[in-house]
Amino acid sequence: MAIRHRSVTVALPAPARPARWPSVRTRESLGGIGLLAPTVLILVGLVLYPFFYAIWLAFSDKTVGSPGQFVGLRNFIYVLGWPQFSTAVVNTVVFTVSAVAIKFVLGMAVALVLNQQIRARNVFRAFLLLPWAMPAFVVYLVWRWLYDPLSGLINYALIDLGLITNPIAFLSDRNTAMLSVIIAHVWRNFPFYAISFLAGMQTISQELYDAAQVDGASRVQQFRHVTLPGLYHIIGVVVLLTTIWTANAFEPVYLLTGGGPSDATMVYTMLVYVMGMMNLRLGEAAAVSTLFLPLLIGLVLAVTVLLQRKANA
Amino acid sequence: MARPAKRHTRREFLKTSAALAAGATATLSFAAPAVAQRPKLVYWCYQFLKSSDDARANFAQEWAKKNNVDLQISMVPLKEFLPKITAAIEAKATPDIIETNAVELRARGQLLDVTDVYKKLEKTYGGWVGNAPKIMLEPDGRVHHIMFGFQGFMLMTRDDLVRAAGLTPPPATWVDLLAYAKKAQKPPRVFGLGIPVSNQTDSQVWEDMMKSYGARLADDKGRRIVLGDHKKEVWEFLDFFTEVWKAGVLPPGVTTWDNTMNNSTFQSGKAVFILNPITLSLWLEENNPELLAKTGHYTYPRGPKGLIQPVTFGSRAIMKYTKVPDLAKQFLWDSMEPGKMDREHSVSQWGPVLKAYLGFDVWKKKPFMKGLIDLSVRGEPQGWPDVFNDAWREQFTNTTISRMLQRIVVDSWSRDKAFVETLDVLNRIYSKYA
C-alpha cells in the first residue's frame, strides 16, 4: 500500500533574533578588532613596551634588582662626560658606514658574477650562503684565530711567504684593529647583499638588456642604466635593514677585541654591555642607547632619502 | 557489512572536545598534589674546570635524590653569570642557589641572610681559614654568602727555561721578574711574560703590581680617590711597565687578549711566566703532565713596598626570592661537609676555607697545591689595601688601570695625560657611590 503524503504549506514565523544581538556593522567592527587584537597585543608587548621602558630606564637610577628612582638627566650628563662615549660614537659611525659600503660593493660584484651563465653556478650560490648561515660565535672565533699573532694562519702564511719577519698583531694595533673587525664582519654578512641583489637581478627583463645592446650600450652602461635602476627598491630595503643591523652589531667587537686596544674598536653596543651587564647600572646603559637613537634614526633617514631620490630620478 | 560512518555535527564535536578538556583538567588537578610533594630547587652551578664542576654537580644530584628534591642544575660560566642573573632578577625568575659573584648581588640586597649557616660551620669545623671571615662578614655582622673555596693568581713559571738561562726560580721582585723574562725568553717562539694588558679583568693584575709600588686608589673608607696623592709611586710603577713593554717580553696581541689567552699561551709553551690560578695546573695534570713537571708555582714577586697578592673565592648564596629557604640552607650546610669537600678538593682549583679542611691529603699529594694553601692562609681580600665595595668593583670591571697602560703603549699618550684621565674616571665612578 502506498502511503501518500500530503504536502502542507505552513507559514513558519521567522526566528526571533535576540534583542541584544548587535547590528551587522557592529559585528563586523568587533570581528575586525578581534582579528587585529593579537597583532596589537604583540606590538604593544614586544615592541612599544620595551621601547618606552628603555627610555624610562634612561631617566632612572635603576640597577639590577632595584626598582629605580627618577633622576632626570643625571644619567645623560654622566654618560656624555664619560671618556669612552665620544669614542664609541665615532667608532660606531666608522664601523657602520665602512662595513655597509664594503658589503654593498662586494655583494653587488658577487651577485653580478653569479648572475652570469658560469659553470657550477648553483654550487657557488649555495656556498655563498655559508658564512651567513654559520653562527656568529663560530665565525668570529675562527677569525680571531686567523688574526692571532702567535698561532694565526695569516701570520704563518705571511712569514712563510717572506712578506714579513715579525708577526702582525692585527687586532691589537690601533691602526689595524678596526679594519680587521670590519673585514671579519663583512665576510660574514656580505652574502645577504649578494643573494638579495641576485634575486633582484633575476627579475629584470632580458629584453631590456637586449634593447640596450642593440643601442650599443657597453657592459658598464648596461649596469648603470638597466641593472642599477632595476634594483633600487631592493637596494633600499637591504641597505636600510643592514645599516640598522650593522650599527647594532655586538658579536664582532665583543668576540674579537672586547672594544680594545685602548677603545680603538669600542662601539656603542659594547659600551652598553659594559655599563649594563658588567657594571649592573642599567640606567646608564639605557642612557647610552637612548643617546644613540637619534644617530641611528639619522642614519636610516639618510639612507632612505638618498635611495628614494635615486629611485625617483 | 560495512557500517555507515556516523557524521558528527559541529556542535557535537565541540561538546566532546569540551568534555575531554574538562576531564583532562580534572585528572591533572588530582595528580598535582603528588607532584607538589617534591620540593623544587634551582641551582646555578659555576662552570669553569670540568672535574671540579662535575664533582659539585654530582654531589648536588645525589643530595637531591637522597632528600627527594626536584633539582634543576644549570652550569653557568663566569662570563655569562652577570648577564644571566641580571635578566633573571628583572624577569623575577631567579634560581634558588647561585655560585660565585655573590658580592655584587649582596650589595644590591638580592641575597638571603645565611648568618646562621656561617656560625654553625664556624663552630662545627674549627673556624674559618685566613681572611674568609673578612670577606663574608659585613660591618653589621651579617653574612649573605658561604665561601666554599679560595682561589687566586700565583706566579707560574717554566722552571726548565728559567734554569736553562742560568737563573734560579722564583724571581723575588717584579724587577727581577722582568730580568728573568728577558733572559729566559726566545721570541718569537717563547715570550717572557704572558700577561694581558687589555679590557678583560685578568689585566687588573697590573693594579696589584701598582699597589706593591705603594699606590692605592681610595681612602680607608673606600669613598674618596687618593691615587693623586700617590703620583710618585704610580710614576715608579709606570716606569717599570714601560720598561716591560719596551723589552718585548709581552707577546704581540696582549692589548686585546681575553681572559683565556694567558692560559692558552702557557699551555702551548709560548710563555715563560704567567700569573694565573691553579686551574691551569689541574688542566696540565690531566692533559700535559710533562709540561706540569716543568712548571713551578710561586707567590707573586714583591714590589718596593711589599707583597700584594689578593685572593678571590668561590661562594654559594641563596637568592632572597626562594620559596624553599630552609631547604636551600640545608643544601649550603650539607655541601660543606668535610668528607665531600675532601673528594672535591682533590679535583678542584679551590683552596681550603675551613680549618677542618687543612688536614686533607690532597695538599700534600700535589706539590702545586702548596702555593694554594699559602694563598688561602695569607691572601688578602680582592682590592686590598683598598676596600672591596661597589665603587672598587666597577673600576675593576672597567679595567681602569689596564686602560691607563693601554693609553701609554697603544695611543702613545704621556704618563701625565694617561694619569689625568685615570684620575678623572676613578673620581666619576667613586662619586656615584659616595
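Helices (H or I, at least four residues) and strands (E, at least two) are DSSP runs, numbered from the N terminus. The views below show a predicted model: local features need pLDDT of at least 70, side-chain atom pairs count only at pLDDT 80 or more, and totals for chains, interfaces and linings use all residues. Residues are numbered from 1 along each chain as its sequence is written, and chains are lettered from A and ligands numbered from 1 in the order in which they are written.

**View 1. Chain A, a helical chain.** Along the sequence, chain A reads α-α-α-α-α-α-α-α-α-α-α-α-α. That comes to 13 helices and zero strands. Chain A is more spread out than a compact globule, because its radius of gyration (taken over C-alpha atoms) is 29 Å, well over the 20 Å that the globule rule gives for 313 residues. The rule is 2.2 Å times the number of residues to the power 0.38. Along the principal axes, the C-alpha atoms of chain A fill a box of roughly 115 × 70 × 50 Å.

View 2. Of the 313 residues of chain A, 35% count as buried. A residue is buried if 20 or more other C-beta atoms lie within 10 Å of its own, exposed if 12 or fewer, and partly exposed in between; C-beta atoms are placed from the backbone. Two residues are in contact if those C-beta atoms lie within 7 Å. Among contacts in chain A between residues at least 6 apart in sequence, 70% join residues at least 24 apart.

**View 3. Where chain A meets chain B.** Chain A gives 25 residues to the contact and chain B gives 32. The chain A side divides into 11 nonpolar, 12 polar and two charged residues. Ala, Val, Leu, Ile, Met, Phe, Trp, Tyr, Cys and Pro count as nonpolar, Asp, Glu, Lys and Arg as charged, and the others, Gly among them, as polar.

**View 4. The two domains of chain B.** An automatic or database assignment sets the bounds. Domain 1 is 40-152 + 311-381, and domain 2 is 154-308 + 398-433. Their centres, taken over C-alpha atoms, are 28 Å apart. The contact takes 11 residues from domain 1 and nine from domain 2. On the domain 1 side, strand E4 (146-152) and helix H17 (369-378) each supply at least two residues. H17(B) gives the largest share, four residues. By class, this side has five nonpolar, five polar and one charged residues.

**View 5. Helix H12 of chain B and its cover.** In H12 (residues 279-287), the buried residues are Leu280(B), Ser281(B), Leu282(B) and Leu284(B). Their cover includes helices H2 (50-66), H11 (261-267) and H13 (289-293) of chain B. Strands E5 (154-158), E7 (271-276) and E8 (295-298) of chain B are also among the covering elements.
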